[in-house]
Amino acid sequence: MPITTIAELLQKAKHVVVFTGAGASAESGIPTFRDALTGLWENFDASKLATAEAFHADPSLCWGWYEWRRRKVIQAQPNEAHRAIAQLANHVPKLTVITQNVDDLHERAGSSAVIHLHGSLHSPRCVDCGAAHQSPLPSEPLPEAGIRIEPPRCTRCNGYVRPGVIWFGEMLADEAWTNAMAAAKECDFFLSIGTSGVVYPAAELPFAALANHAKVVHINPVRFAISRQDFFIQGTAASSMKSLVEEAFL
Ligand code: APR
């Protein structure tokens, strides 16, 4: 379906949900999960590193990987997709941004009240007592080859500090999931950007929107199977979102 037709549908939308995956941050230089890992991480699958077991087995390897990603995010800039999504808030009656990403690029582009389904690289906490880690973390870039870094210790109980992300096998934060599912069920336009749609329960959201007869649009350079009701824009997040918002509102 041409972008002009989707833009006309977007103009009439009352409540738009934007649902992003790693592909939305790819053009900011943040690797996606299904990109091959390199350097120290090349022998690891992200889904094996993003687990409580990996952290307990080798805290320094796991923390080193998350620090590499966190500091990459610090060096990165929001891209046109993040900016277009933030702009959308000025043109539609109601916008809810839901992300699977653990970076803060939506917020740095100007989006507010972003629902982070998988937590954030910027909210580390104690693995034992759960206390938020308040001490500032270093920000200088790390070698691409990756290094082991001993995690900091909790100032309250001396336990290791872990990344503030949701690991495979862990439950999503109740409030985030409840708010995300409520928005998906209530919206009339659901825009899924840069996600492979393979990780549940997040991947349920577009189906919940479809069940509520919302218009569901996927943006991805890689075409994947969609239902008869979905729409697909084959392209990158940055160029597609820039064109869609310009076509619809500018
Ligand atoms: N623009 C849009 N989409 C892109 C771009 C781009 N420039 N580059 C890649 N993509 C697409 C890929 O084709 C792929 O479909 O982004 C998607 C990224 O998929 P994943 O790497 O699986 O990331 P995501 O869908 O966010 O993964 C979901 O899995 O590993 C867990 O918790 C992690 O939140 C993550 C979840």
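Colleague: How many helices and strands does the secondary structure of the protein come to?

Modeller: Helices (H or I, at least four residues) and strands (E, at least two) are DSSP runs, numbered from the N terminus. Here there are 10 helices and 8 strands. This is a predicted model, in which local features need pLDDT of at least 70 and side-chain atom pairs count only at pLDDT 80 or more, while totals for chains, interfaces and linings use all residues. Residues are numbered from 1 along each chain as its sequence is written, and side-chain values use heavy atoms, with hydrogens and water left out.

Colleague: Where is Q100 placed, and is Q100 buried or exposed?

Modeller: Buried means under 20% relative accessible area, exposed over 50%, and partly exposed in between (1.4 Å probe, protein chains only). Q100 lies in the loop between β2 (94-99) and α7 (105-109). Q100 counts as buried because its relative accessibility is 12%. Across the protein, buried residues account for 51% of the 250 residues.

Colleague: With which side chain does the side chain of Q100 make a polar contact?

Modeller: A polar contact is a pair of N or O atoms within 3.5 Å; within protein, one must be able to donate a hydrogen and the other to accept it, and residues adjacent in sequence count only if both atoms are side-chain atoms. For Q100 the partner is the side chain of T195, at 2.8 Å.

Colleague: Which residues is Q100 in contact with, leaving aside neighbours within four places in sequence?

Modeller: Contact means heavy atoms within 4.5 Å. On that basis, Q100 touches F19, T20, G21, H118, T195, V199 and A202.
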